[in-house]
Amino acid sequence: MRYFVRFYGAHPLHVLAMGFAFALMGYVVWMAGIQTFWNRDVWWQSIAVWFAGAVVVHDLVLFPLYAVVDRSLSSGIAAVRGRAPHVRWRVSPLNYIRIPLMGTALTFVLFLPGIISQGSQTYVAATGLTKDPFLGRWLALTAALFGISAITYALRTALTRRPA
């Protein structure tokens with residue numbers, strides 16, 4: 001077992017899970033047919049092109065971007081600690097900033113067309129509603145995420161004993 005983990009880098013169940021996931025993906029492509037994933041008329045509207053583009057954009061643009069943001073956040077907290085070395089935090093605020101920031105960023109990307117009112121005519125025709133409340137609701141969700149995180153941090157700090 002140790003030799004396998006050293007050679008492969010993970011538990012054998014990982015190989016089994018990955019094999020199952022690839023088999024399921026192959027079955028879906030086989031059952032749906034390759035023509036389902038490729039639009040012959042307008043090639044750039046194909047599911048395969050958008051999937052490949054999403055992988056490239058995530059790996060080459062988004063991952064380095066949020067790695068820089070996370071490193072900056074960590075460095076900023078370290079700098080605050082360095083300016084006041086006598087002050088010791090009972091609980092690190094890092095994850096209480098990371099999680100609402102991630103939730104805010106993900107909902108922004110998800111609802112970006114609504115926030116910037118892209119495709120308003122189509123949306124009104126389909127639903128009878130306007131896209132006006134999208135920005136306000138996203139801002140309210142952002143405030144709620146950071147507010148809940150701040151309350152949780154305050155409670156956790158209050159309930160944690162100071163180290164000896």
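The following legends describe an overall view and several close-up views of a predicted model.

**Figure 1. Overall architecture of the predicted model, a protein with seven helices and zero strands.** From the N terminus on, the order of elements is α-α-α-α-α-α-α. Taken along the principal axes, the box filled by the C-alpha atoms is roughly 65 × 60 × 25 Å. The radius of gyration of the protein is 23 Å, whereas a compact globule of 164 residues would have a value near 15 Å. Buried residues account for 12% of the 164 residues. The accessible surface amounts to about 13,300 Å², and carbon and sulfur atoms contribute 72% of that surface. Of the contacts between residues at least 6 apart in sequence, 42% join residues at least 24 apart.

Figure 2. The buried residues of α4 are Leu 94, Tyr 96, Pro 100, Gly 103, Thr 104 and Thr 107. The cover over these buried residues includes α3 (47-83) and α7 (133-159).

**Figure 3. The salt bridge between Asp 70 and Arg 98.** The structure holds one salt bridge. In this pair, the side chains of Asp 70 and Arg 98 meet with an N to O distance of 2.6 Å. The pair links distant parts of the chain, with Asp 70 in helix α3 and Arg 98 in helix α4, 28 residues apart.

**Figure 4. Ser 46 in the loop between α2 (12-32) and α3.** The relative accessible area of Ser 46 is 2%, so this residue is buried, the limit being under 20%. The side chain of Ser 46 reaches the backbone oxygen of Trp 43 at a distance of 2.9 Å. When residues up to four places away in sequence are not counted, Ser 46 touches Phe 37, Trp 38 and Asn 39.

**Figure 5. Leu 60 in helix α3 and its separation from Ala 154.** Leu 60 is found in helix α3. With a relative accessibility of 64%, Leu 60 counts as exposed, because the value is over 50%. Leu 60 and Ala 154 lie 94 residues apart along the chain, and their C-alpha atoms are separated by 37 Å.

**Figure 6. Helix α6, residues 120-127, and the glycine that follows.** Helix α6 has eight residues, and the number buried among them is zero, so the helix lies largely in the open. Gly 128 follows α6 and has a positive phi, near 80°.

Key:
Residues numbered from 1 in each chain as written. Predicted model: local features only at pLDDT ≥ 70, side-chain atom pairs only at ≥ 80, totals over all residues. Heavy atoms only, no water. Buried < 20%, exposed > 50% of the residue type's maximum accessible area, 1.4 Å probe, protein only. Helix = DSSP H or I, 4+ residues; strand = E, 2+ residues; numbered from the N terminus. Contact = heavy atoms within 4.5 Å. Polar contact = N/O pair within 3.5 Å; in protein donor to acceptor, adjacent residues only side chain to side chain. Rg over C-alpha atoms; globule rule 2.2 N^0.38 Å. Areas by Shrake-Rupley, 256 points an atom, 1.4 Å probe, with all protein chains shown as cover. Salt bridge = Lys/Arg side-chain N within 4 Å of Asp/Glu carboxyl O.
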